[in-house]
Amino acid sequence: MNAGILRVENAAKVYRVSAGMFRGGLDLHAVSDVSFRVGEGEVLGLVGESGCGKTTMAKLILGLEALTRGNIFLEGRSVRKMGHREIARRVQPIFQDPYASLNPRKSIGAIISLPLRALGMGNRGEWDEKVREIMNLVGLPPRLRHNYPNQLSGGQRQRVAVARALIMRPRIVLCDEPTSALDVSVQAQILNLLIDMREAMGVTYILISHDLAVVEHLATSVAVMYLGRIVESGPAAEIFRHPLHPYTQTLLASVLTPDPRKGLPKVSLDAEYPNPIRMPPGCSFHPRCPRAQEICRSQRPEAREDGGRRVACHFPGPA
Ligand code: SF4
């Protein structure tokens with residue numbers, strides 16, 4: 001990962017949750033001490049089981065949640081000193097379900113131009129021009145701008161979501177499960193569209209997905225999250241070829257099945273996913289780890305860097 005259009009430094013998000021009547025509250029550590037950098041034009045895949053903190057991380061980057069500790073820098077500027085509009089100019093999201101994320105009562109043209117209108121960028125004539133331009137770019141006939149979301153196919157709706165995210169030419173697009181609500185036949189088209197847009201506009205992607213096949217297809221670097229922490233990160237090709245953390249190895253075992261789109265495996269992780277309110281001591285993966293030793297139960301492993309790879313494990317190595 002190079003110098004970084006996005007830099008996350010020791011980011012943490014703690015939610016206070018009720019422990020029941022008269023018993024006060026408990027801390028839920030959704031994201032703990034997360035650090036990474038993403039260089040211009042790169043695609044960072046953030047992977048892990050649901051509840052691992054990747055969606056909270058996305059909300060922190062988008063400014064939809066406030067950091068409890070640490071900091072996030074967009075093009076060198078701290079999000080703590082930026083308003084929502086400033087963040088929105090730099091980062092735009094594409095969400096999982098294109099139907100749910102598009103207002104059914106608005107025309108396609110109004111939906112795509114929304115970021116420009118919300119941020120007061122340009123006038124009506126410029127909005128129309130930019131809508132036409134971006135629709136052409138994402139492969140949508142501009143005549144569809146007068147239609148409504150329910151008149152479009154699932155793939156066309158996700159193209160609308162891509163067009164809306166890109167219309168202001170943001171530096172970063174945060175894709176949260178961008179293809180998981182789509183038919184398999186359409187998924188490849190949207191993935192190829194994202195690749196084309198990266199080449200055409202130099203956009204940087206943060207790709208959040210539980211679908212490792214999608215991440216392998218798109219990502220240049222990968223960060224694997226477990227219970228709010230990054231347990232392994234590095235160049236995508238190396239992580240997919242030689243995972244060093246036992247959790248990454250377990251995740252990737254599903255990719256090696258004949259149907260990699262099965263998602264995360266359930267069979268090889270014996271114990272249940274721990275409750276994030278009651279974190280296991282030491283390495284939080286130890287109740288499920290086939291390689292766990294005594295030290296793992298008491299001492300949390302620090303992330304160690306080696307040749308661009310970072311692994312937080314007392315006993316990293318090939319499976
Ligand atoms: Fe497994 Fe120990 Fe490494 Fe944690 S630190 S992943 S328990 S070997």
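User: Which residue does the side chain of Arg 171 meet in a salt bridge?
Analyst: This is a predicted model, where local features need pLDDT of at least 70 and side-chain atom pairs count only at pLDDT 80 or more, while totals for chains, interfaces and linings use all residues. Residues are numbered from 1 along each chain as its sequence is written, and side-chain values use heavy atoms, with hydrogens and water left out. A salt bridge here is a side-chain nitrogen of Lys or Arg within 4 Å of a carboxyl oxygen of Asp or Glu. At 2.4 Å, N to O, the partner of Arg 171 is Glu 75.

User: How many residues apart are Arg 171 and Glu 75?
Analyst: Arg 171 is in the loop between α6 (154-166) and β7 (172-176), and Glu 75 is in the loop between β4 and β5. Those elements are DSSP runs numbered from the N terminus: helices are H or I with at least four residues, strands are E with at least two. So the pair links distant parts of the chain, with a separation of 96 residues.

User: How many salt bridges does a search of the whole structure find?
Analyst: Side chains of opposite charge can pair when their charged atoms come close. Over the whole structure, the search turns up 13.

User: Which strands stand at the edges of the four-stranded sheet?
Analyst: The sheet is open, ordered β2-β1-β4-β5, with antiparallel pairing; two strands pair if DSSP finds at least two bridges between them. Each edge strand has a single partner, so one side of each is left without a neighbour in the sheet. Those edge strands are β2 (25-38) and β5 (77-78).

User: How many bridges join β1 to β2?
Analyst: On its β4 (residues 69-74) side, β1 (residues 6-18) pairs antiparallel over five bridges, with Leu 6 partnered by Leu 74. Toward β2, Arg 16 stands opposite Asp 27. That antiparallel β1 to β2 pairing has a bridge count of ten.

User: Where does the ligand sit?
Analyst: Of the 13 residues around the ligand, the nearest are Cys 283, Cys 289, Cys 296, Cys 313 and His 314 (a residue is near if one of its heavy atoms lies within 4 Å). A cavity, on a 1 Å grid over the protein atoms alone, is a set of points where a 1.4 Å probe fits but cannot get out, with lining residues having an atom within 4 Å of a point. A molecule sits in one if more than half of its atoms lie within 2 Å of its grid points. By that test, the ligand's spot is the largest cavity.

User: What volume does the largest cavity have?
Analyst: Its lining includes His 245, Cys 283, Arg 291 and Phe 315. A volume is the space filled by probe spheres set on the points, which are joined across faces, edges and corners. For the largest cavity, that comes to about 70 Å³.

User: Which elements give two or more residues to the lining of the second largest cavity?
Analyst: This cavity has a volume of about 30 Å³, and its lining includes Val 47, Leu 212 and Thr 248. The elements giving two or more are β9 (221-226), α9 (236-241) and α10 (246-253).

Definitions and conventions
On a 1 Å grid over the protein atoms alone, a cavity is a set of points where a 1.4 Å probe fits but cannot get out, and a pocket is an open set with protein on both sides within 12 Å along at least five of seven lines; lining residues have an atom within 4 Å of a point.
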